[in-house]
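Please walk through the structure below, one region at a time.

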Amino acid sequence: MAIAITLKAYFDHEKIHYDTIEHRKALTLFDSSRSAHLPAAKVAKAVVLQSDQGDYLMAALPANNRLSLTDVNNLTGKHYHLVNEQDLLQLFPDCSQGAIPAMGKPYRMEMLLDDSLLTAENVYIESGDHKNLLKLSHQEYKQLVAQMPHGNIRGANIGAPRFWERSGRKWEI
């Protein structure tokens, strides 16, 4: 599968152009970005949450960051927790486990975006499998998320910068 059926139908309906980027099989989105030689800061990952009232929310943020639940709760005024894997399989039946596209609307789910994704030249999202990413231009992505709430929901970095922090060396980026 190159793209989940639900996501493809949504993009076709909205007349959204995307490019498919193949990469070696990777189990995490961070590894997918590395495999595809893409900056993880431009690869949007989906973290699915559920409120105490039972509402679902998809948080979209760069693949190289953890989600700050504190910031999500402060921005929304609700208390959210992570959704378990069993529920994810039911919510995203046409996606491989752990390969959820960072696009809530096709799955009838509210979204909260990290501000950094709104300024990226291109945004890359999971296609629904572990071997493909979808490239959306800034204009196409912005069209899809124009009315969605956003804010700074990034927590700690994932990957190499954490090693640099522990090493005590000062790295210029």
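Which side chain meets that of Asp 55 in a salt bridge? The side chain of Lys 78 does, at 2.8 Å from N to O, where a salt bridge is a side-chain nitrogen of Lys or Arg within 4 Å of a carboxyl oxygen of Asp or Glu. Asp 55 lies in the loop between β2 (43-51) and β3 (56-62), and Lys 78 in the loop between α3 (69-76) and β5 (80-82), so the pair ties together parts that are 23 residues apart in sequence. Helices (H or I, at least four residues) and strands (E, at least two) are DSSP runs, numbered from the N terminus. Asp 55 has a relative accessible area of 34% and is partly exposed; Lys 78, at 32%, is partly exposed as well. For these classes, buried means under 20% relative accessible area, exposed over 50%, and partly exposed in between, with a 1.4 Å probe and protein chains only.

The model is predicted: local features need pLDDT of at least 70, side-chain atom pairs count only at pLDDT 80 or more, and totals for chains, interfaces and linings use all residues. Residues are numbered from 1 along each chain as its sequence is written, and side-chain values use heavy atoms, with hydrogens and water left out.

By the salt-bridge rule the count comes to 3. Side chains of opposite charge can pair when their charged atoms come close. Another of the bridges joins the side chains of Asp 12 and Lys 8, at 3.0 Å from N to O. Both residues lie in helix α1, 4 residues apart, which is about one turn of the helix. Asp 12 is partly exposed at 44% relative accessible area, and Lys 8 is partly exposed at 35%.

The side chains of Arg 154 and Asp 114 also meet in a salt bridge, at 2.8 Å from N to O. This pair links distant parts of the chain, with Arg 154 in strand β10 (residues 154-157) and Asp 114 in strand β6, 40 residues apart. The two partners fall into separate accessibility classes: Arg 154 is partly exposed at 32%, whereas Asp 114 is buried at 0%.

In α5 (residues 138-145), Glu 140, Tyr 141, Leu 144 and Val 145 are buried. They cover an arc of only 120° around the axis, which puts them on the same side of α5; the arc is that of the directions from the helix axis to the C-beta atoms. What covers these buried residues includes α1 (5-14), β6, β7 and β8. Not counting residues up to four places away in sequence, Gln 143 touches Glu 14 and Ile 16, contact meaning heavy atoms within 4.5 Å. From Gln 143 to His 17 the separation is 126 residues in sequence and 11 Å in space, C-alpha to C-alpha.

Next is the loop between β7 (122-126) and β8 (132-137), which holds His 130. His 130 is buried, with a relative accessible area of 10%. The side chain of His 130 reaches two backbone oxygens: that of Gln 97 at 2.7 Å and that of Ala 26 at 3.1 Å. A polar contact is a pair of N or O atoms within 3.5 Å; within protein, one must be able to donate a hydrogen and the other to accept it, and residues adjacent in sequence count only if both atoms are side-chain atoms. Leaving aside neighbours within four places in sequence, the residues in contact with His 130 include His 23, Arg 24, Leu 27, Ser 96 and Gly 98.

Empty space is the last topic. Rolling a probe the size of a water molecule over the atoms shows where empty space is left. On a 1 Å grid over the protein atoms alone, a cavity is a set of points where a 1.4 Å probe fits but cannot get out, and a pocket is an open set with protein on both sides within 12 Å along at least five of seven lines; lining residues have an atom within 4 Å of a point. Grid points are joined across faces, edges and corners, and a volume is the space filled by probe spheres set on the points.

The largest pocket holds about 520 Å³ of space. It is lined by 21 residues, of which Lys 45, Ala 46, Val 47, Glu 85 and Gly 98 lie nearest its centre. The elements giving two or more residues to this lining are α2 (29-35), β2 and α4 (85-91), and β2 gives the most, with 5 residues. The count of cavities of 30 Å³ or more comes to 1, and the largest cavity has a volume of about 40 Å³. Among the residues that line the largest cavity are Glu 85, Ser 96, Gln 97 and Gly 98.
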